[in-house]
Each structure stands twice: as structure tokens, then as C-alpha cells.
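Subject: Structure handover

Hello,

Here is the structure I said I would pass on. My notes on what was found in it follow below.

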Amino acid sequence: MTFAATVLTLYPEMFPGPLGVSLAGRAMAEGKWSINPVQIRDFAADKHRTVDDTPAGGGAGMVLKVDVLAAAIDHARELAPDAPVLAMTPRGKPISQARIRALAEGPGVTLLCGRFEGFDERIFAGRNVEEVSVGDIVLSGGECAALMVLDACIRLLPGVMGAASSGAEESFEDGLLEYPHYTRPPMWEGRAIPEVLRSGDHAKIAAWRKQRADEDTRLRRPDLWERHRDARV
């Protein structure tokens, strides 16, 4: 089954962009996934192909029109009725690795990219759209966030990564940050690779990695550590 991505955007020329190279690009060439960028402006009803209007109540910027968005979403659902529709917005729920893995196991996804001041809020009541955020930052548009979500999904598709285990032992898969990595040379500017990693003792290596994952998560991401600790109780 090919993972099919539909991207609703005002800038379809931004896709596949960086997803056309490296792992994702090779996987696309091999037919493991496909992408269909769709121009939102094509669903505007007026001769000027208007997609936005001033905010109700006043204020800066422009807001994407609900009728145009609805027509674009309906079109995407006709193309991929089983694919969830995700809107890229800083008001959304932070997307997790667990959600990414669930998406990657499905038939594909439709990503709705905002611009300007964002979406007319009524679109979320009128259509079944999941609002997701890629972090506590504001981008100039949803396209970069969509690329992030797609990249995270594509690398998990069967056969995309050289070693399937690469996707299992990494940050967020078990609720923790991943342990640190080292490679040759064994000594660099007076800094040595930890002795245990050169010992060949796999049990000790596994224990060291678990300890470092715990410590680094506790120090760097106390929010993750708290959730991980609560889940174990």
C-alpha cells in the first residue's frame, strides 16, 4: 500500500521540496509514498480567486475563508476518504511520535496549510479536522510544518529506513529522549568515548544507555520525564 499525502496549500510548488531527496525522495521514487499538492485558490468562487478576508471584529492580517477551505477539504476527502485531515496551526494539540506512528500505519494523510492570520474557526466545527502543532513557534505558513509531519511519517514506512530498528530506539518512542551517540575517533580534543561503549559488554552498554536516557530526559525535558514517571506508577 502506498502512503498517499494530499497537501492543501496556497504554495503547491513548495512540495515535495526537501522530501524529494535522501530517504524520502528515494522512497517516493520507489512508490512507497506519493504526494498531491492541491492549490486552495482553485476552490475560490469569485473571478479574483479570493481565499482570504479581513478578520471579523477588526485587527491586523487576513483570515482564510471558511467556504473556500471547506470546498478544498471536501475535494481532498473525495480523493482520499479514509485519510485523516490535519490542520497545521499553533493553536493545535502538539503532535506526538505516537500520533506520527499511527498516521504512518494508515493509508495516508491530508494536511491543511494555513497562511496569514490562520483559518476561520468555523471550519473545525463544520468539518472533521484535527488541529495539530509542531511546537511553540509561529511559522509564516503551514507548509514547513506539513513537511515536518510528512518526513516523520515517511521514515517510518516499511522499507524506507535501512535498519527497521532505527525507528524504534530513538527519542520519544518510549517516552524518553534517546541516549547520546559517539563514533570514531575514540579520542577527540581530549574527549574520549565512554569506556563502557568500547567494552563489548552488551548488557552494560544497554544499562548505560538506559541510565543516560533517563538522566537526559529528567534534566532536559522535565515535562517528558514527569509523564514517563507517572505512566510507570
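R221 and D223 form a salt bridge, and their closest N and O atoms are 3.0 Å apart. R221 is partly exposed, at 29% relative accessibility, and D223 is also partly exposed, with a relative accessible area of 34%. Please keep in mind that this is a predicted model.

On the helices themselves: α6 covers residues 202–220 and α7 covers residues 222–232. Their axes come within 5 Å and cross at roughly 125 degrees.

Which residues make the contact? From α6 there are D214, T217, R218, L219 and R220, and they meet P222, L224 and W225 of α7. Sorted by class, this contact has four nonpolar residues, one polar residue and three charged residues.

D214 turns up again in a salt bridge. Besides being one of the α6 residues that meet α7, D214 pairs with K210, with 2.8 Å between the closest N and O atoms. Both residues of this pair belong to helix α6 and sit four residues apart, about one turn of the helix. Are the two partners buried or exposed? D214 has a relative accessibility of 16% and therefore counts as buried, the cut-off being under 20%. K210, at 40%, counts as partly exposed.

A further salt bridge lies elsewhere in the chain. R155 pairs with E170, and the closest N and O atoms are 2.7 Å apart. This pair links distant parts of the chain: R155 and E170 are 15 residues apart, and each is in the loop between α5 (143–154) and β8 (187–188). With a relative accessible area of 24%, R155 is partly exposed, whereas E170 is buried at 15%.

How many salt bridges are there in the whole structure? The search finds 15, and those described above, R221 with D223, D214 with K210 and R155 with E170, are among them.

Regards

Key. Residues numbered from 1 in each chain as written. Predicted model: local features only at pLDDT ≥ 70, side-chain atom pairs only at ≥ 80, totals over all residues. Heavy atoms only, no water. Axes fitted to C-alpha atoms, helices over the stretch in contact; angles between N-to-C directions. Helix = DSSP H or I, 4+ residues; strand = E, 2+ residues; numbered from the N terminus. Contact = heavy atoms within 4.5 Å. Nonpolar A, V, L, I, M, F, W, Y, C, P; charged D, E, K, R; others polar. Salt bridge = Lys/Arg side-chain N within 4 Å of Asp/Glu carboxyl O. Buried < 20%, exposed > 50% of the residue type's maximum accessible area, 1.4 Å probe, protein only.
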